[in-house]
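Subject: Model handover and notes

Hi,

Here is the structure for you to look over. My notes follow below it.

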Amino acid sequence: MFDGITERDSVSWNSMISALCRAEEVDEAKGLFKLFDDRNLVSWNTMISSLSQNERFMEALVFLQLMVREGIKPGSALVDMYCNCGQVESGHRVFERILDKRIGLWNAMITGYAQNEHDGQALMLFLRMRLAGFKPNSVTLMTILPGCAWMAALAKGKEIHAYAIRNGLASDVTVGSALVDMYAKCGCLNLSRRVFTGMTNKNIITWNVIIMAYGMHGQGDEALKLFQDMASRAKFGGVKPNEITLISVFAACSHSGFVDEGLRIFHSMKADYGIEVTADHYACVVDLLGRAGQVEQAYELLNAMPSGFDKIGAWSSLLGACRLHQKVEIGEIAAESLIQLQPDVDSHYVLLSNIYASVGMWEKAMGVRKRMEELGVKKEAGCSWIEYGDEVHRFLAGDMSHPQSEKLHGFLELLYERMKKEGYVPDTSCVLHNVGEDEKEILLCGHSEKLAIAFGILNTPPGTTIRVAKNLRVCNDCHTASKYISKIEERDIVLRDVKRFHHFRNGTCSCGDYW
């Protein structure tokens, strides 16, 4: 199978090794590597990186030891290996010790940070890379842009886009797809669509990203139009929808309440698009039904899933629907099923506790919290962030560590009084503590998204759009409060939570309160 590749054509050999590993034919790649007599640093890096990316860490370590024995100093491969094992700090220490840093090493460390959800460090290293005189390539950009997307770092994302245009990288389909995703997740759907429309070449990732983007922004109609356009083009040789495309479509239907259309597509997946139904598709349709209030039907669909399917996603969707619609009995079944499968996941306990608290069953709600404590399961803290200048400012619920914390809380207290005069009534059901109403209102004032919004108001010129991202779902009270704030302060507020976007303007939200 290796005919035509000369013994000393290292580029071709390395390309073949990399291609085999990407196709998960690692043993074939190892065989080819051993036949190659003129191995260099790139050859070793390619093989070790590929092994670690396929989670064959012990073999990667053996190859690393052989590499050193042959007198070749380890480079990006070692950084890759540590980062793929989750040992980012070890990878960083290796990175810092290498004096002759080349583009591959910078990319490996940036990728390591990004893959391990250290987006802030990835972005800082990217800036440091440019200051050191290195020119980012398409690999660098497609790695760093998702970090900008997650952090909602729009200004940084625009800088990278400008760099890509100046250096002829914007036409790369992977970079273009990453830009579409970045703008969408920063709340700029119009810019996302503009990049998408301007792309000469689009692959499956490009189409999936734009369909998911419209779904997350609550524009299900446009998401379905794009899907139909994609499916029509596929008949004439265009990109065909895949499993992820259908997940994006179902999510769009769910966020827009298109139950009938979602069910129609679900039941015709195989016939119309040649795509087999998976557990993830079931989970999406359970969410579609549950979000629309059809919790019993969602439960029936879950029970109709094939026996071999993983039901964790479907149970999670059902539990979320029970929280939304205060369905205690089915919620208990869903929560206990999830706890048996994933006893260390905090959200299962939290949602069950929320269900109890929302209907005033405080003893049971506290019992769930006590159970969490006994098992050592900790609730993930609510965190929101906002880009300002060259920094991303983070806020935790109830946290006073930010330099402007006292000023922000004081501003929110005054703003609350103005909101109440306009008709705002605090939704204290969002507070999961059995305390007095006054104390509950104080706790609501310290929610992370409110602090981030207040920071935006106090630190940007009047009329500037405020863009905030949050790691959890936005609560009912913060959603209502954001509508009042947008009207009182005459500001557009774009709030991205873990599931979708909310665009607040003049007292209304783009979701139409369906979320």
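Helices here are DSSP runs of H or I of at least four residues, strands are runs of E of at least two, and both are numbered from the N terminus. This is a predicted model, so local features need pLDDT of at least 70 and side-chain atom pairs count only at pLDDT 80 or more, while totals for chains, interfaces and linings use all residues. Residues are numbered from 1 along each chain as its sequence is written, and side-chain values use heavy atoms, with hydrogens and water left out.

Residues 102–136 are 74% helix and 0% strand, with end C-alpha atoms 11 Å apart. For residues 203–233 the figures are 87% helix, 0% strand and 12 Å.

Asn-208 lies in helix α13 (residues 204–216). Asn-208 is buried at 8% relative accessible area (buried is under 20%, exposed over 50%, partly exposed in between, with a 1.4 Å probe and protein chains only). Beyond its neighbours within four places in sequence, Asn-208 is in contact with Met-230, Asn-242, Ile-244, Thr-245 and Ser-248 (contact is heavy atoms within 4.5 Å).

Aromatic rings

The whole structure holds 13 aromatic pairs. Rings of Phe, Tyr and Trp (its six-membered ring) pair if their centres lie within 6.5 Å; planes under 30 degrees apart are stacked, over 60 edge-to-face, the rest tilted. Trp-106 is buried at 3% relative accessibility. Phe-134 is partly exposed at 26%.

Tyr-416 and Tyr-424 have ring centres 5.4 Å apart and planes at 80 degrees, so they are edge-to-face. Tyr-416 is buried at 5%, and Tyr-424 is buried at 3%. Phe-250, Phe-266, Tyr-282 and Phe-309 make up one aromatic cluster.

Two lysines sit over rings. The charged end of Lys-101 is over Phe-95, 5.0 Å from the ring centre. Lys-202 is over the face of Phe-196, also at 5.0 Å from the ring centre. The criterion is NZ of Lys or CZ of Arg within 6 Å of the ring centre and within 35 degrees of the ring normal.

Helix α23

This helix covers residues 362–375, and its 14 residues should span 20 Å at 1.5 Å a residue; the end C-alpha atoms are 20 Å apart, which agrees. The expected span is 1.5 Å times one less than the number of residues. Trp-362, Ala-365, Val-368, Arg-369 and Met-372 are buried in α23. They cover an arc of only 125 degrees around the axis, so they lie on the same side of α23 (the arc is that of the directions from the helix axis to the C-beta atoms). Glu-363, Lys-370 and Glu-374 are exposed on the other side. Gly-376 follows α23, with a positive phi near 75 degrees.

Ala-153

Ala-153 is in the loop between α9 and α10 (154–166). Its relative accessible area is 0%, so Ala-153 is buried. Leaving aside neighbours within four places in sequence, Ala-153 is in contact with Leu-123, Cys-148, Cys-186, Glu-387 and Val-392.

Best wishes
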